[in-house]
There are 4 protein chains.
Amino acid sequence: MPKVGMHPIRRQQLIRATLTTIDQIGLADTTLAQVASTAGLSPGIVSHYFGDKDGLLNATMRQVLRELHAAIAKYRREARDDLPKTQLQAIIDANFDDSQVNPTAMRAWLTFWAASMHRLELARLQRVNDRRLYSNICWQFRRALPVERARDAARGLAAMIDGLWLRGSLRDSQFDVEQARTIAYDYLNRQLEGLV
Amino acid sequence: MPKVGMHPIRRQQLIRATLTTIDQIGLADTTLAQVASTAGLSPGIVSHYFGDKDGLLNATMRQVLRELHAAIAKYRREARDDLPKTQLQAIIDANFDDSQVNPTAMRAWLTFWAASMHRLELARLQRVNDRRLYSNICWQFRRALPVERARDAARGLAAMIDGLWLRGSLRDSQFDVEQARTIAYDYLNRQLEGLV
Amino acid sequence: MPKVGMHPIRRQQLIRATLTTIDQIGLADTTLAQVASTAGLSPGIVSHYFGDKDGLLNATMRQVLRELHAAIAKYRREARDDLPKTQLQAIIDANFDDSQVNPTAMRAWLTFWAASMHRLELARLQRVNDRRLYSNICWQFRRALPVERARDAARGLAAMIDGLWLRGSLRDSQFDVEQARTIAYDYLNRQLEGLV
Amino acid sequence: MPKVGMHPIRRQQLIRATLTTIDQIGLADTTLAQVASTAGLSPGIVSHYFGDKDGLLNATMRQVLRELHAAIAKYRREARDDLPKTQLQAIIDANFDDSQVNPTAMRAWLTFWAASMHRLELARLQRVNDRRLYSNICWQFRRALPVERARDAARGLAAMIDGLWLRGSLRDSQFDVEQARTIAYDYLNRQLEGLV
DNA sequence: AATGAATGAGTCTTCATTCAT
DNA sequence: CATGAATGAAGACTCATTCAT
C-alpha cells in the first residue's frame, strides 16, 4: 500500500492512538503494540514513522502543545478588543476550552508534565510552553500594572490556571468550566481592581 | 535488646529508597532491584514487607501524605491565634514548608498525582487528601464569608497553592518559597479584604 | 538503445553493494535495506533480482569465486613456461593478487568460509573451489614427484596459501604480499628441491 | 534455588551450550533462547551471568582460547626434551590435539575468527592469541636459525598450522590428524634441515 | 522496472516475583 | 529474617518479505 503522502496521515493516526491509550490505561501501561493496534496498524510501523517510543511520545506532546497554542491564538484573535483585561480573559478562556479540559487532554497533560521530570526532551518542550504562557500573561499585566506587581500577578494567574486545571484532572466528573472561569476571572478582577 | 521491631525500620528504609529512586530516575525506570539496592537490601525483601510493587508504592504515597498532614498540623498548632486569616496562612505556610517543596518531595508528589489517574488505590488516597485540604480551607473561609463565596475562595486558594507548587516543580532551580507565599497571601488578603 | 539488459547491471550493483556492506559492518549486521541503499536502490528490488537474501548471498559468493578463477587463469596464461614450478608459482601469485588480498575481498572470503559451515549452497560452492585449487596444485606436483609425495606437497601448499591468507585477514595493516610470496615460494622450492 | 557457588557452574553450562548451538546451527541462527534451553535454563539467566549476548560470546571465545593454551602447555610440558625441534613438534601436536580438531571446536574457531572482523573485543582476543602462537614458534626457531630466517620460518609454520586446520574445517569427514602432522612435521624438518 | 509503505514474526532484554537455603 | 538465584512473561525494536501503485 505505498500510497504517497501517507506520512502526515499515519503520524496523526498514531498520535491520536497514543493519546487514547494514555487516557485509557496510562502511559506506564502503554505499549507500542497497544498504540499500533488502536490505530489499526501493525507494531512495526511506529519505528518507521517515529524512530522509537521516545520519538512517538515527543511528537505526541508537541501535538498537545500545538493544540493549546492554537486555542489561545484563536481566542485572542476573536476577543472583542485589545484591552489587557479582555486579552487575559481570552487566555483564561482558551485554557479552559473544551479542547484542553476534556478528560483525555487533561490526562495527557498531567502525564507529560510528570514524565518531563526525567525526560530531557519533554522537559524542554514543557519549559518552552510554560514560559510562553507566563510571558503572554505578564505582557498584558504590564500594560496595566507596575512591573513588579505585574510579575507577581502573572505568576499568580498562571498558577491559578494550572492549579484549577490540575485539581480538575483528579475528578471523575466533568471539569466544571464555569466554576473555574469564575474563580480565575475573580482573581483577574481583583488584580486589576480600581485601574481600568 | 529484643530483635523485634525490624518491621518498621525495614519499611522505612525501603520507602526512603523508593522516594530517592523516584527522585533520581523517575517512577517509570524504578525497579524493585534498584530500590532494594539503594536501601542496601536484597530484591526479595520487598515482597516480604509490602507484598508487591503496588504495595510499596501505596505505602510510599501514604508516607508522603502523612508528612504533609504533620506539617499542616504543626503549623496550625503553632499559629499565634485562631483567626481565619492566621489559620489559612498557617495552611499556606505548611504547604510551602521545606518538607514539601524540596525537589525530592515535589517530584514524588507529581509522580503520585499522575500515577493516581490509573491506579485505584492511589486515586483514593489522593482524593481523600485533596478533600481534606479543601475542607480545611473552606471551613476557615466560612467563618468569614458567606457560604457560596467561601466555597469559591477555598477552591481558588487550593488551586493557587497547587498551581504554585506545580509550576515550581518544573524549575531546575530551588523553589522560591518567599515568592510563592507572597502570591498566596495576596490572594488570601484580597478574598478577606475589608472584613476581619 | 534498447532498455534491455538492466538485469546484469542491477545484479552487479547489488552484489558490489553486498561486498561493500559485508566489508564495512559484517554479514551479521548486513540488512537488505542497507545493501539496497548502498546500491542506491530500494529494498524491494532485491527480491526481484535474487528472490531472497540467500539468493543474493549465493550470487555474491559465486562472484568472489569467479574472480579468483579469473586471476588464476590469467596468471597461468601469462606464465613464461609450462614447467611445474613456474605454473605453481603462477598459482601462488594469483592467490596473492591484489584482487584477492585487498581487505574487502579477504573479509568476504572469510565471511563466506564461515557461513558455509551452515549453509548448504555456500558449502557446495566452497567445496568445489577447494577441490579445484587442490587439483590444480596436485596435478603440477605429480609431474615432478611420486604420487604420494605429490599429494602431501599439494595439501601442504594449499594449506600454506590459505593459512597465509587467513592470518593476513586479521591484520589491520595491509597484507604483505612480498612476504607471503617469499614464504610460499620457499615451501615450493623445498618440495621440489633437487629435482628441477 | 539460591545455592551459593553456582556462578562458575552456570557459566560453564551456558558456554558449553553456546558452543553446542554454534556447532549445530551456526552463530547467525544462535539465539539466547536456544542457548538457554540447550543448557536447560531459562532465557533470562544469560543476562544474569553475562550481561548480554556479547558478554556470552566473549566469554565463550575466551574459553576456547584457554583450552588451546592449556593443550599447548600440556604438550610442551610433556615433551621429552627442550630441543627446538621437539618443542616445535609439541606445539604442532597441541594444535592438532583432539580438543582442537573435533568438529565442534573447529567450527567455533572459524566462527570466532570471522566474527572478530567486526567485533572489537573478539578481535583483541584473536590478536593476542595470534601473536602468542607466533612468538612461541619464533622463539624456538631463533634458537636454531638466524633471526630473519627464523621469522619467516615462524610465519610459515604458523600459516601452515592454521591452513591445515582451516581446510580441515570444511570437510564433513573427521579431521585427518596423522596427515596434518606429517605435513607440518615435514615443513619443520625442511626448515631445520642440516642443522641440529 | 521500480518503489517504499506496511506487515508481523522473531530477538534481545528487562524485571516482578518466587523460593530454596 | 534475609538472600539472591532463577524464572518466564512481556516489551521494544529489527528486518526479510510482500504488494499496491
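Contacts, symmetry and DNA surface in a predicted model

Modeller: In this predicted model, Gly163(D) is the residue of chain D that comes closest to the rotation axis, with its C-alpha at 1.9 Å.

Biologist: By what rotation is chain D superposed on chain C?

Modeller: The shift along the axis is 0.0 Å, and the RMSD of the superposition is 0.1 Å. The two copies are thus related as by a two-fold rotation axis. The rotation is 180 degrees.

Biologist: What percentage of the contact residues of chain D recur in chain C?

Modeller: Both copies use the same surface for the contact. The share of chain D contact residues that recur in chain C is 97%.

Biologist: Which helix gives the most to the side of chain A that touches chain B?

Modeller: The contact draws 32 residues from chain A and 30 residues from chain B. On the chain A side, at least two residues each come from helix H7 (103–115), helix H8 (120–142), helix H9 (147–170) and helix H10 (177–192). The one that gives the most, with 13 residues, is H9(A).

Biologist: How many residues on that side of chain A are charged?

Modeller: The side of chain A that touches chain B has 15 nonpolar residues and eight polar ones. The charged residues there number nine.

Biologist: Are H9(B) and H10(B) roughly parallel or antiparallel to each other?

Modeller: Helix H9 (residues 147–170) and helix H10 (residues 177–192) of chain B have axes that come within 10 Å and cross at roughly 170 degrees. Angles over 145 degrees count as roughly antiparallel. H9(B) and H10(B) are therefore roughly antiparallel.

Biologist: How many charged residues are in the contact of H9(B) with H10(B)?

Modeller: H9(B) contributes residues including Leu157(B), Met160(B), Ile161(B) and Leu164(B), while those from H10(B) include Ile183(B), Tyr187(B) and Leu188(B). By class, the contact has ten nonpolar and three polar residues.

Biologist: How many residues of the surface near DNA strand F are nonpolar?

Modeller: That surface has 13 polar and eight charged residues. Its nonpolar residues number 18.

Methods:
Residues numbered from 1 in each chain as written. Chains lettered and ligands numbered in written order. Predicted model: local features only at pLDDT ≥ 70, side-chain atom pairs only at ≥ 80, totals over all residues. Contact = placed C-beta atoms within 7 Å. Helix = DSSP H or I, 4+ residues; strand = E, 2+ residues; numbered from the N terminus. Nonpolar A, V, L, I, M, F, W, Y, C, P; charged D, E, K, R; others polar. Least-squares fit on C-alpha atoms with pLDDT ≥ 70 in both. Axes fitted to C-alpha atoms, helices over the stretch in contact; angles between N-to-C directions. Parallel < 35°, antiparallel > 145°, perpendicular 65-115°, else oblique.
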